[in-house]
Amino acid sequence: MGLRQSRVVAMRATEEGTDTEAKPRVPDSPPTPSGSSSSSGTPVRQQSSGGGTATVSRDEAFSWQEFFASELPSKLGVLVGLIVLSRVGVYIRIPGVDVESFAAAMSNNGLMGYVDALSGGSISKVGLFSLGIIPYINASIVLQLFSTAFPSLKKMQREEGAQGRARFQYYQKLAAFAFAIAQSVGQLSYIKPYVTDFSPAWLAGSTCALTAGAMALVYLADTISELKLGNGTSVVIFAGIASALPGSVGELVAQNAGDDPTNVAIYATAFFLTTLGIVYVQEAERRIPINYSSRYAAGNLARQSYLPFKVNATGVMPLIFASSLMAAPTAIARYLDAPWADSFAQTVGPGGQAYLPVSIALIAFFNYYYTFLQLEPKDLSEQLKRGGAAIPAVRPGKQTAEYVTETLTRMSILGSVFLGVLSAAPAVVEGLTHLTAFRGFAGTSVLIMVGVATDTARRIRAEQAMAKYQDVEKLYDSTS
């Protein structure tokens, strides 16, 4: 019976650890002798006080037999099917549009080419999913900013449990619907010169089609999130960027035809080093030790617990938010059709003088803001106090909150500097090689791709570990 109980505790700890974007919470009680927390919250991590090297158990080894016997293959199949479906909708074109002429005009516009690359080429194809997931992202940005101004929204999202979060997401989808209608009208008005018969009836019907496509993508993103194999919004954006990657590689080779082949080598080396650096920072964390006032604090049962704070705790969300806002001047210029708006959009667009400073500033802002949105130091200090835990040499309560705030501020600055350097790296490479094939990616696309890929791989490993514990639980249930 004791073995079964320890397995169940470990199973719960693994299940809760699958949410890689969840804020670190503190259990209400100290670790049990098996090293797991007895509370239902996300457990802090423990390591043995002896400082010995960790060994990989036989249970952690990969097994194809266990893989195919679990639910993971079916989940992966559904995930791939949803990704394919999100791309199929791009090629269902809106009738009455000269897509070839519009795509040619887009290819000659570096500013619009950036926005088109971020959406996986859906804008130039004028398809059903032409708006992409951008309306939902814009709605998320607006509501997250409103939550700081209106305490009721913040309380709904963070203190009212699953029901409050569901209501908050409902409001977010309503806002996404409003954004989808506005963006549909703006985009259709922009392509008016390429429409064979532009009329109010065509505008109304096409607006309904684009709005329905945007909301369908929101539904697909929610379904992907329910699989627990990744954030649905990030996966949809990842699919769009990855679909444009082969075309960009081909364009890079075509641009460099007859020139120095070293340019392609520089691009390949920069891409490899960028990917390596992102993976390194994604896995880096600051461990703050905590002590429990319990009878397990001595002897062979001693454990050193710690709070793991990621260097890049916000993941790819600051990049997505910053990229969405960087595309706003282009959208405004399309609506206004004024020379000053076009000039401003070119200045802050890819290749413009203000693009890098504005992009880095937005990334730093959203990184700092989203860090403290996920984790409030005051709440964390209260959880530590209730659980009988404390940071060594720091008094519980106010001093703990100040210590955590100072630590998170330093880490957010470090993460912002890293993200800013990586965002500026592609522009430096472009200046050295004078090749613009990857201008649409603008650095942030590589960060999003690597971030989503590593997050999805981590969740898949967690799901595989969960399957083993579920098998053990079923075995004990059948024999009890």
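This note covers aromatic pairs and salt bridges in a predicted model.

1. Aromatic pairs across the chain. The whole structure holds 8 aromatic pairs. Phe102 sits in helix α4 (residues 99-107) and Tyr194 in the loop between α9 (161-190) and α10 (200-226), so the contact ties together parts 92 residues apart in sequence. Phe102 is buried at 3% relative accessibility, whereas Tyr194 is partly exposed at 24%. Together with Tyr190, these two residues form one aromatic cluster.

2. A tilted pair. The ring centres of Phe198 and Trp202 are 5.5 Å apart and the planes stand at 55°, so this pair is tilted. Phe198 is partly exposed, at 27% relative accessibility; Trp202, at 13%, is buried.

3. The search finds 7 salt bridges in the whole structure. Among them is Lys173 with Asp222, at 2.6 Å from N to O. This bridge links distant parts of the chain, with Lys173 in helix α9 and Asp222 in helix α10, 49 residues apart. Asp222 counts as buried at 19% relative accessibility, because the limit for buried is under 20%. Lys173 is partly exposed at 28%.

4. Other salt bridges. Arg93 and Glu100 are joined at 3.5 Å, N to O; Arg93 is partly exposed at 46% relative accessibility and Glu100 is exposed at 53%. Glu285 and Arg287 form a salt bridge at 3.0 Å, N to O. Glu285 has a relative accessible area of 22% and is partly exposed, and Arg287 is also partly exposed, with 43%.

5. A network. Salt bridges connect Asp455, Arg458 and Arg459 in a network.

Terms used: Residues are numbered from 1 along each chain as its sequence is written. This is a predicted model: local features need pLDDT of at least 70, side-chain atom pairs count only at pLDDT 80 or more; totals for chains, interfaces and linings use all residues. Side-chain values use heavy atoms; hydrogens and water are left out. Rings of Phe, Tyr and Trp (its six-membered ring) pair if their centres lie within 6.5 Å; planes under 30 degrees apart count as stacked, over 60 as edge-to-face and the rest as tilted. Helices (H or I, at least four residues) and strands (E, at least two) are DSSP runs, numbered from the N terminus. Buried means under 20% relative accessible area, exposed over 50%, partly exposed in between (1.4 Å probe, protein chains only). A salt bridge is a side-chain nitrogen of Lys or Arg within 4 Å of a carboxyl oxygen of Asp or Glu.
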